[in-house]
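Hi,

Here's the structure I promised to pass on. Have a look at it first, then read my notes below.

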Amino acid sequence: LRRLGRPAEALGHLDKAVALEPTFVQGHFGRANALHDLGRLAEALTGYDRALTLKPDHLDALSRRAVVLQALGRPAQALESMERVLGSNGGRLDAWRLRGVLLAALGRRLEAIESFERALALDPRDAESLSNRGNQLHALGRLDEALASHGGAIAARPDLAALYVNRGATLEAMKRFADALADYDSALAIQPALVEAHINRAVVLSTLGRPTEALAGCDAAIALAGNRAAAVRLRGTLLAELQRPQEAVESYDRAIALDARDAESLSRRGEVLRALGRLDEALASHDQAIAVRPDGAELYVNRATTLGELKRFVEALADYDRVLSIGLATAVAHINRAILLRQMGRLHEALASADAAIALQPDFAGAHGCRGAALWELERLDESLASHDCAVALAPDNADAHVNRGATLLALQRFDESLACYDRGLALRPGEGEAAWNKAQLLLLRGDFERGLPLYEERRRKPGFSSLGDPAVPAWHPGMPLTGR
């Protein structure tokens, strides 16, 4: 009956068997197996323990007991059972394999790899051991070895979808995104309802700049398993990327409802709320994220950004300093700190923070731009220009990089070059306010009123400048005399 997939009926017969003969070892063992099939893990564990009380060297009961303990989140006790099995019979491939899984769960990765290799010595084509070995090599950063191990697993069992998912994750870590995507597609061709493949595929599509397709994959995963907080969280991230912030907040809310201690969802929710201008709500969300995971450096960086927008500069700086003090600073953290220090007028410290960011990530265009801005405020214009030159070289399609370089060239009175920078910024981002405003100033300084004044009037369209008059009614247009005005 168990083999026919009818464990409940099997359990009824086994109950009768052990009632008739309470010391019937195989009856207790079979009963525990049926309970395990039914997901009644605590009762299954009791059943295996009863069988082992009657026959302490029952290796199958020890092995199955370890599987149940693993499912119950008790890997150390499960490992004890497997050590007993292998102590009696070191030639059991399944025991070496499960031992490796348990050692991996305990973070003992090198021992886990050795255990999988003991299993492979018994059967070099054991696909599960090859794939598990690959996962542990991946976790240790030995990606080429991991990839070879996953390749061996797939060669042995090309019909197992999970093996493609595992290899896809390694290819993704190697930044071979097209190959990773192909593996996830292969997994779904074999097993269309494999949730992990849908989620990983969506992550790769997002990385490849295909958020709409990624969202469709994420929705497929949620349709299959709506209780997966990781899938719901990813959906929120994709919606934010697609400029659908309110829906993103709703997705993060749903992820948090599934797991109230999901620090990543709490922090990302705060980021979207900040972008919506709901700063107090954003701060509360960041506070919750940090309460859940007080060692998360990126959580402090995100909260500091919100505190900066609330003009609570001292608290924001404290968050950045905390990240630095625990040795988890990233280039982004240093740059955000530099921006904050500039706002506080602490320019030399801002410059030092920008330099620290560049030391960590020399190709970070934003760090060079931030360094240039600090040097500009310190009136070290030639050095400022050199930094902005680096930023433009690293990010030639970034409008801000061109606009900032233009401002420095303007201060150096290199007007033609400055004007070219503003034009490039406007070409990259039509309607860019800062570029238009700066270009207007430059044109007016050169006496080109007919081109400068219309751009200058755009200033009135910005919040906070309504006192300058109705922006829909130009104060001047070409052809109007300027004499006396």
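Which residues in α22 meet which residues in α23? From α22 there are Ala 365, His 368, Gly 369, Arg 371, Gly 372, Ala 373, Leu 375 and Trp 376, and they meet Leu 381, Glu 383, Ser 384, Ser 387, His 388, Cys 390, Ala 391 and Leu 394 in α23. Contact here means heavy atoms within 4.5 Å. By class, that contact has eight nonpolar, six polar and two charged residues (Ala, Val, Leu, Ile, Met, Phe, Trp, Tyr, Cys and Pro count as nonpolar, Asp, Glu, Lys and Arg as charged, and the others, Gly among them, as polar).

Before you go on: this is a predicted model, where local features need pLDDT of at least 70, side-chain atom pairs count only at pLDDT 80 or more, and totals for chains, interfaces and linings use all residues. Numbering starts from 1 along each chain as its sequence is written, and side-chain values use heavy atoms, with hydrogens and water left out.

Now the geometry. The axes of α22 (residues 365–377) and α23 (residues 381–394) come within 8 Å and cross at roughly 160° (axes are lines fitted to C-alpha atoms, for helices over the stretch in contact, and angles run from 0 to 180 degrees between N-to-C directions; helices are DSSP runs of H or I, at least four residues, numbered from the N terminus). So α22 is roughly antiparallel to α23 (angles over 145 degrees).

The other pair is α4 (residues 59–71) and α6 (residues 93–105), whose axes come within 11 Å and cross at roughly 20°. That's why they are roughly parallel to each other (under 35 degrees).

Cheers

Conventions. Helices (H or I, at least four residues) and strands (E, at least two) are DSSP runs, numbered from the N terminus. Angles under 35 degrees count as roughly parallel, over 145 as roughly antiparallel, 65 to 115 as roughly perpendicular and the rest as oblique.
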